[in-house]
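Reader: Hey, I've just opened this one and I'm new to it. Can you walk me through a few parts?

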Amino acid sequence: MRFHLLLTLALLTTGAATRGLAQDGPRQLNAPPTLPDSVRQPVAAPARAAEPTPAPAPVAEQVPSARPQPSNLPPAQATRFRVGLKSGQEVQAYDVETRQPLLGRNYLLLDGQRRLELTDVRYYEDETGFYVRTNLPGSSRESTLRRDRTGRISLYSITTTQYNNMGGSPFGYGRFGYGGMGYPYGGGYRTVKTEYFSKDNGPVQDLNLRNLSIATSDNPGARSLLDQARRSRTAITLSYIGAGGLMAAGLLSSLTGTNTGSAISPLVYAAPALLIVPLVLQGKQQRNIKQAISLYNAQQ
């Protein structure tokens, strides 16, 4: 019995020692339980204070240069003018001059070397514009006309300088209300611009209301504008007649001495005031004509 009791005590002592070695360390009653490494979460490192972002370096203020830089422009090309001959040939030149000698006929000089008679030229252009050689209405002689506008109704003109030793007309204009002012008292030079037109490159015609009305008869808008211009022309004529009548009556009254209180009749002073009306109506007439031509060309 004693042997068995000693053997049991020895076995119990051995088991207790083995359980004590299996523990990681001595347990304390007031310490929390220790978790295994596989269950533990890594502790995050303390956040580092954000470093201040360096301020951008100040940009140097751009001062515009006093002289702008030239842009890339295409290379300049010399202008070449066209000269059409009646033979059908077209010649190109860099310089076209119209020579008007004191003796002899006018001619064209191309590039300072080649001479062309105007009788052989059908059209030409230079730095001042485009010109055609054609017969004027009712004339068998060719003239040089400058082309001012192109379209179904193309406009042409001739500008001449004339000397009038009898003074200018009361109208003060060339044919159809165009041209430079004359001199009402005494003689002098004046520039007269006479205008023509052609429809669809046809023959040249005088620029007047009758011819324009026929040429634009297929356009109601243009015809209406020309009717307004015709009414303005009638009012202009009546104003000139009235001014002339007042002037004649005033002169007659001054010569006969029928007026009282003055040697010159007041009717003489009223006549020039009446002449202002035609000047205003004449400007309106010209605007109506130009608008009619532009409207006709726009509705081709």
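Reader: What is the bridge partner of Phe81 in β2?
Author: That's Ala93. Keep in mind that this is a predicted model, where local features need pLDDT of at least 70, side-chain atom pairs count only at pLDDT 80 or more, and totals for chains, interfaces and linings use all residues. Residues are numbered from 1 along each chain as its sequence is written, and side-chain values use heavy atoms, with hydrogens and water left out.

Reader: OK, and how many bridges join β1 to β2?
Author: Four, and β1 (residues 81-85) runs antiparallel to β2. Strands here are DSSP runs of E with at least two residues, helices are runs of H or I with at least four, and both are numbered from the N terminus. Two strands pair if DSSP finds at least two bridges between them.

Reader: What's the strand order in the sheet with β2 and β1?
Author: It goes β2-β1-β6-β7-β8-β9-β10-β11, an open sheet of eight strands with antiparallel pairing. β2 (90-93) and β11 (205-206) are the edge strands, each pairing on one side only.

Reader: Where does Tyr94 lie?
Author: Tyr94 is in the loop between β2 and β3. The residue is partly exposed, with a relative accessible area of 46%; buried would be under 20%, exposed over 50%, and partly exposed is in between, using a 1.4 Å probe and protein chains only.

Reader: Which residues is Tyr94 in contact with, leaving aside neighbours within four places in sequence?
Author: Ala78, Thr79, Arg80, Phe81 and Asp111. Contact means heavy atoms within 4.5 Å. Also, Tyr94 and Asp126 are 32 residues apart in sequence, while their C-alpha atoms are 8.9 Å apart in space.

Reader: Switching to the sheet of three strands, what's the order there?
Author: β3-β4-β5, open and with antiparallel pairing. β3 (96-99) and β5 (114-117) are at the edges with a single partner strand each, so one side of each has no neighbour in the sheet. From one strand to the next, the twist averages 25°.

Reader: And how many bridges join β4 to β5?
Author: Four bridges again link this antiparallel pair, with β4 covering residues 107-110.

Reader: Let's do helices. At what angle do α3 and α4 cross?
Author: Roughly 165°, with the axes coming within 7 Å and α4 spanning residues 266-274. That makes α3 roughly antiparallel to α4. Axes are lines fitted to C-alpha atoms, for helices over the stretch in contact, and angles run from 0 to 180 degrees between N-to-C directions. Under 35 degrees counts as roughly parallel, over 145 as roughly antiparallel, 65 to 115 as roughly perpendicular, and the rest as oblique.

Reader: Which residues meet there?
Author: From α3 they include Ser239, Gly242 and Leu246, and from α4 they include Leu267, Ala271 and Leu274.

Reader: Is Ser239 buried or exposed?
Author: Buried, at 11% relative accessibility. Ser239 sits in α3 (residues 220-256), and its side chain reaches the backbone oxygen of Ala235 at 2.9 Å. Leaving aside neighbours within four places in sequence, Ser239 is in contact with Leu274, Val277 and Pro278.

Reader: How do α4 and α5 pack?
Author: At an angle of about 5°, with axes 4 Å apart and α5 covering residues 276-298. So α4 is roughly parallel to α5. Pro272, Ala273 and Leu274 in α4 meet Ile276, Val277 and Pro278 in α5.

How values were computed: A polar contact is a pair of N or O atoms within 3.5 Å; within protein, one must be able to donate a hydrogen and the other to accept it, and residues adjacent in sequence count only if both atoms are side-chain atoms.
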